[in-house]
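Here are my notes for you to read alongside the model. Please keep the structure open as you go through the points.

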Number of protein chains: 2
Amino acid sequence: MSVSASAIDAMTALDAGSPDFDSRLQALLDWSEVSDSALEHQVAAIIAAVRDLGDTALLDYSRHFDGAQADSVAGLEISGDALQAALQSLDTDLRAALELAAGRIRDYHERQLAQAPSWSYRDAGGNELGQRVRPITRAGLYVPGGKAAYPSSVLMTAIPARVAGVEELIMVSPAPDGTPNPAVLAAAAIAGVDRVFVIGGAQAIAALAFGTETIPRVDKIVGPGNKYVAEAKRQVFGRVGLDMIAGPSEVLIIADDSANPEWLAADLFSQAEHDENAQALLVSDSAALIGATRAAMARLLDGMPRADIIAASIASRGATIVCNDLAAAVAISNRVAPEHLQLAVADPDALLDDIGSAGAIFCGHYCPEAVGDYAAGPSHVLPTAGTARFSSPLGVYDFQTRSSLLRVGAAAQDIGNATTTIARSERLAAHALSAALRWPDKGDGDA
Amino acid sequence: MSVSASAIDAMTALDAGSPDFDSRLQALLDWSEVSDSALEHQVAAIIAAVRDLGDTALLDYSRHFDGAQADSVAGLEISGDALQAALQSLDTDLRAALELAAGRIRDYHERQLAQAPSWSYRDAGGNELGQRVRPITRAGLYVPGGKAAYPSSVLMTAIPARVAGVEELIMVSPAPDGTPNPAVLAAAAIAGVDRVFVIGGAQAIAALAFGTETIPRVDKIVGPGNKYVAEAKRQVFGRVGLDMIAGPSEVLIIADDSANPEWLAADLFSQAEHDENAQALLVSDSAALIGATRAAMARLLDGMPRADIIAASIASRGATIVCNDLAAAVAISNRVAPEHLQLAVADPDALLDDIGSAGAIFCGHYCPEAVGDYAAGPSHVLPTAGTARFSSPLGVYDFQTRSSLLRVGAAAQDIGNATTTIARSERLAAHALSAALRWPDKGDGDA
């Protein structure tokens with residue numbers, strides 16, 4: 001037996017009809033981060049130092065953790081000229097691909113923007129009520145550095161912010177050797193990022209949250225990072241806006257006999273290659289398709305550069321699940337609330353209405369998660385680990401705030417009376433007075 | 001000098017033109033919660049016990065902390081009949097006021113719902129892209145119990161959830177003597193809450209976040225609470241959806257010479273009477289108006305049942321600020337990003353365009369914060385303590401999730417090529433394979 005075959009044999013195989021299915025699925029889904037009090041204290045100290053000492057502390061940490069050579073935080077900024085130079089020297093095909101992706105991401109988010117304008121109405125009494133929608137002023141984008149570099153993540157976070165109308169976009173990204181990945185810088189140029197600093201870790205989150213002499217304080221920070229970054233985001237929660245703290249990524253594929261097993265194998269691998277904790281699940285009413293897909297996985301695994309990561313992910317957190325019909329498959333998906341849901345079936349529309357929580361829904365055989373990761377248009381920043389139950393994809397709305405607008409008029413005796421009455425019942429006399437002075441209660445006159 | 005006059009004399013008076021204005025304003029705004037590691041550990045232990053032991057632990061804590069007499073968690077549920085009975089026996093005027101408020105809150109949020117429907121479009125290549133908007137399945141509403149009882153908060157949280165289409169609304173509220181406030185129960189009946197449990201504190205948050213044998217796990221928890229509740233929400237962050245963790249409440253009033261000083265005094269008091277940390281700020285281009293308002297405050301204070309709280313709030317965190325013109329007043333508001341912004345000026349429209357972050361904007365002399373707290377329509381749950389920079393009022397959108405919808409077709413060679421190219425540059429070969437199998441690259445054929 002080849003290594004590949006044994007890795008795929010280790011992938012959990014479940015039958016949705018078996019009595020222990022629920023508990024086995026739950027065990028597979030369970031994901032708990034180990035809280036680490038040493039990490040918490042280290043991050044708290046870094047945040048306090050950057051908050052209190054500003055640039056001095058930020059520079060110290062950048063030298064210590066990232067080997068920065070600069071003698072000031074200003075020296076850690078990448079100039080606009082350098083961003084343009086990175087774009088100019090980028091491989092032509094890659095530049096064209098990033099620009100195609102950027103155009104599509106922009107188009108999608110412009111539709112999103114247009115769907116949620118400010119609005120107001122007048123009620124029967126002539127009072128105006130409404131909602132103002134405005135961009136936040138300044139956003140911070142965290143882009144992980146180090147071995148892996150993801151220009152796609154720059155596009156997927158910066159473009160929704162830009163479309164929302166955010167005034168200033170600050171990108172931070174650490175670079176162990178001082179020079180960020182050129183494709184990441186080129187993507188920042190394409191997306192229209194305003195300023196880029198080569199800083200990272202908890203110190204970068206603290207700098208964005210509180211501001212330093214050189215780094216402007218932002219209103220919201222988005223983007224994934226390592227455990228220091230995640231812990232720092234947790235600790236500044238409430239001080240600054242945040243996107244979700246990302247957990248491991250997952251895909252759930254619902255497939256029927258019309259699906260191509262080799263394509264499904266690649267799709268499952270594309271999830272699994274992210275990291276060992278990524279989760280790839282295939283649910284089908286066809287045992288034959290599941291068998292063929294597992295065989296294709298065994299065949300393809302050796303050709304994958306990241307075969308070790310894929311094998312570890314598939315063996316520990318992957319599963320194929322056979323069920324009686326596609327309705328049962330949808331019920332399983334609804335329970336998982338997957339980040340990515342592929343409907344690799346002949347008739348996706350027959351399932352759509354019954355599908356509940358999912359970050360992104362990919363319909364049909366020509367719509368693998370990978371096109372959503374790079375080029376289709378919607379952001380690839382999606383709620384992971386079941387948080388699609390209550391969270392949404394990163395979008396223009398994450399870079400906007402809403403304000404309620406109220407214009408109650410002198411004629412609103414009814415609103416005034418109701419305010420006075422409820423305020424008195426809650427024993428908030430000043431609230432009652434505030435209304436009663438404007439609308440003396442004609443009924444009892446005891447305002 | 002009377003006690004009232006001295007309390008108002010203690011209210012900070014600032015001049016926006018003075019050199020130390022920025023630092024004095026900042027000192028007044030600064031608000032930091034003291035983190036309390038004993039509290040953290042106590043709450044962590046409660047959460048762990050409820051998560052692991054379910055009803056048994058929840059009942060123990062409810063007996064211990066709230067003096068519950070029931071011998072099961074089921075015994076802590078208030079029946080639908082009891083809710084209706086509370087409504088039937090409510091004071092007629094109060095019932096009419098709550099029903100008027102409920103109707104207006106429903107109207108406003110139905111407009112909000114209608115403003116953000118699901119949408120999709122087809123691009124030039126025939127690919128469909130869109131966004132599905134759906135209600136979350138189950139929401140939990142935390143309603144503080146104890147001395148103060150706020151039926152208005154039930155309406156302001158439950159109705160947006162109901163309008164969003166949330167399937168099941170679970171309300172929890174502690175009651176030291178076992179019986180929740182009848183007006184709160186009546187408001188639950190009016191708002192259409194599905195189930196009510198007399199539980200509270202960190203144990204109630206844990207029960208909603210993880211579920212117990214009797215309490216269903218919810219997808220999102222909203223509503224304010226004491227420090228145990230706030231800490232518990234912080235600790236379950238990421239496991240369950242949350243609204244913001246509320247800080248002290250504030251109002252900023254921009255007023256000109258056309259404003260009524262007595263009305264403003266009542267408005268400032270209506271903020272200050274919430275608690276000692278509440279913040280009431282008056283900004284005006286008229287020193288005369290400020291003087292008249294301070295005099296009205298001194299005159300009115302003694303008549304307020306909560307005069308002690310008002311005096312403490314006004315003296316420690318309140319301020320009047322004189323500035324050269326209304327543009328300067330708007331700039332101050334934008335810096336504060338107040339929860340409530342009143343425009344008590346002759347021409348609010350002249351200011352609106354320049355106003356930045358604010359939770360709710362109250363336009364004109366007949367639109368005090370109090371009408372928004374109770375009856376105008378928009379929710380009174382608003383971002384506090386400057387978080388309007390990045391947060392929004394509680395709304396229908398808080399009880400909805402969005403899913404991206406993608407339906408890329410076989411003809412999407414361009415998307416396929418871009419996906420393959422970018423994935424290769426990021427060294428994610430399985431992603432590239434997933435696209436290249438579907439759209440073999442006609443250019444280089446090396447998929």
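1. Let us start with sheets. Two strands pair if DSSP finds at least two bridges between them; strands (E, at least two residues) and helices (H or I, at least four) are DSSP runs, numbered from the N terminus. With that in hand, look at chain B: six strands form an open sheet with mixed pairing, in the order β2-β7-β6-β5-β8-β9. Its edge strands, β2 (77-78) and β9 (241-242) of chain B, each pair on one side only.

2. A word on what you are looking at. This is a predicted model, where local features need pLDDT of at least 70 and side-chain atom pairs count only at pLDDT 80 or more, while totals for chains, interfaces and linings use all residues. Residues are numbered from 1 along each chain as its sequence is written, chains are lettered from A and ligands numbered from 1 in the order in which they are written, and side-chain values use heavy atoms, leaving out hydrogens and water.

3. Now zoom in on one pair within that sheet. Strands β5 (residues 138-142) and β8 (residues 220-222) of chain B run in the parallel sense and share three bridges. B:L141 has B:V222 in β8(B) as its bridge partner.

4. How are the two chains related? A rotation of 180 degrees with 0.0 Å of shift along its axis places chain B on chain A, with an RMSD of 0.0 Å (least squares on the C-alpha atoms of residues with pLDDT of at least 70 in both copies). The two copies are therefore related as by a two-fold rotation axis. In chain B, the C-alpha nearest this axis belongs to B:A116, at 3.0 Å.

5. Next, the contact (heavy atoms within 4.5 Å). Chain B gives 113 residues to it and chain A gives 114 residues. Together the chains bury about 10400 Å², 61% of it on carbon and sulfur atoms; this is the accessible area (1.4 Å probe) that the two parts lose on being put together, summed over both.

6. Which charged side chains meet across the contact? Eight salt bridges are counted between chain B and chain A, a salt bridge being a side-chain nitrogen of Lys or Arg within 4 Å of a carboxyl oxygen of Asp or Glu. One of them joins B:R407 and A:D349 (2.8 Å, N to O). Helix α6 (residues 92-114) of chain B supplies the largest share of the side of chain B that touches chain A, eleven residues.
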